[in-house]
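Please consult the sequence and the model while reading.

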Amino acid sequence: METALVNEYRRLSRDPATSQPLAYLRLRRAIRNVVEHRDIEPGQALPSERDLSRLLQLSRVTVRKAISGLVEEGLLNQRHGAGTFVAERIIKPMSRLTSFTEDLRARGLNPRSEFSERVIGEVTPEESMALNLSPGVLVARLHRVRYAKEEPLAIERSVVPASILPDPTIVQDSLYQVLEALGARPRRALQRLRAVSLGAQQARLLHVPAGSAGLNIERRSFLDDGRVVEFTTSWYRGDIYDFVAELQTD
Ligand code: GLP
């Protein structure tokens, strides 16, 4: 893992496309990349500040600055006297259009879904507005609870035009994988997040007390030709899911 981090840092220093003149930002990105690629697993310790500064030939101040930013972001946490560890919360970068399955696999977790609905029906007025479809058109509806192993993380309700997904029962785990195979992988999405307290039924499905904090997310995803491919409403557990956005000045 030490080697992976050193190699990634060197790669970023060489690569003109990702070149970041400030060493602490370069190191921050290198750490983020090795965590995302699972070269270092959640719960594992990072090399000490002293080792990192020696291996990368950076000052301790630079290393500390890189790490403190990631601690604030929630990607790393520090235990007094014990060191710096990769956080075990699930951190979802906001700027990338990825699927639940991809996000969990990137963290070494095993995603699965339990469906309560996979049917074709006529579009409702709300869905027709969201998907830009005329009344009477058919849609595929998927309703499921999403798990990491035995732990429920989110409830999701997805609606996809039946012209794109004529048979929703072919979705076993990943909707995006099926859409990709059908040549309809979303290319762009608009997403809205709202803080909510989970209702009794949602809380029961997510194994948390009623009224617990949750995140309600609506995603409308588009194909290259502008067609809306999905309208998904999700309720994520607030106690284990972090959404992180990277902001840049340029
Ligand atoms: C996330 C998004 C959903 C999307 C889903 C696809 O959870 N919030 O809008 O439908 O990913 O995930 P998968 O391909 O694992 O079914």
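Q: Which residue's side chain is joined to that of serine 221 by a polar contact of 2.7 Å?
A: A polar contact is a pair of N or O atoms within 3.5 Å; within protein, one must be able to donate a hydrogen and the other to accept it, and residues adjacent in sequence count only if both atoms are side-chain atoms. At 2.7 Å, the side chain of serine 221 makes such a contact with that of glutamate 230.

Q: On what basis are such features reported, and how are residues numbered?
A: This is a predicted model, in which local features need pLDDT of at least 70 and side-chain atom pairs count only at pLDDT 80 or more, while totals for chains, interfaces and linings use all residues. Side-chain values use heavy atoms, with hydrogens and water left out, and residues are numbered along each chain as its sequence is written, from 1.

Q: Is serine 221 buried or exposed?
A: Serine 221 belongs to strand E8, residues 213-222 (strands, E, at least two residues, and helices, H or I, at least four, are DSSP runs numbered from the N terminus). Buried means under 20% relative accessible area, exposed over 50%, and partly exposed in between (1.4 Å probe, protein chains only). With a relative accessible area of 0%, serine 221 is therefore buried.

Q: What is the relative accessible area of glycine 136?
A: Glycine 136 is placed in the loop between helix H6 (125-131) and E5. The residue is classed as partly exposed because its relative accessible area is 42%.

Q: Which side-chain N or O atom lies 2.3 Å from an oxygen atom of the ligand?
A: A polar backbone atom of phenylalanine 100 is 3.0 Å from a ligand oxygen. For serine 174, a polar side-chain atom lies 2.5 Å from an oxygen atom of the ligand. The distance of 2.3 Å belongs to an N or O atom in the side chain of threonine 101.

Q: Which element gives the largest share of the shell around the ligand?
A: Helix H5 (100-106), strand E5 (138-148), helix H7 (175-181) and strand E9 (228-237) each give two or more residues to the shell. The largest share, four residues, comes from E9.

Q: How many residues of the shell around the ligand are charged?
A: The ligand is surrounded by 15 residues, each with a heavy atom within 4 Å of it. Ala, Val, Leu, Ile, Met, Phe, Trp, Tyr, Cys and Pro count as nonpolar, Asp, Glu, Lys and Arg as charged, and the others, Gly among them, as polar. On that scheme four are nonpolar, five are polar and the charged residues number six.
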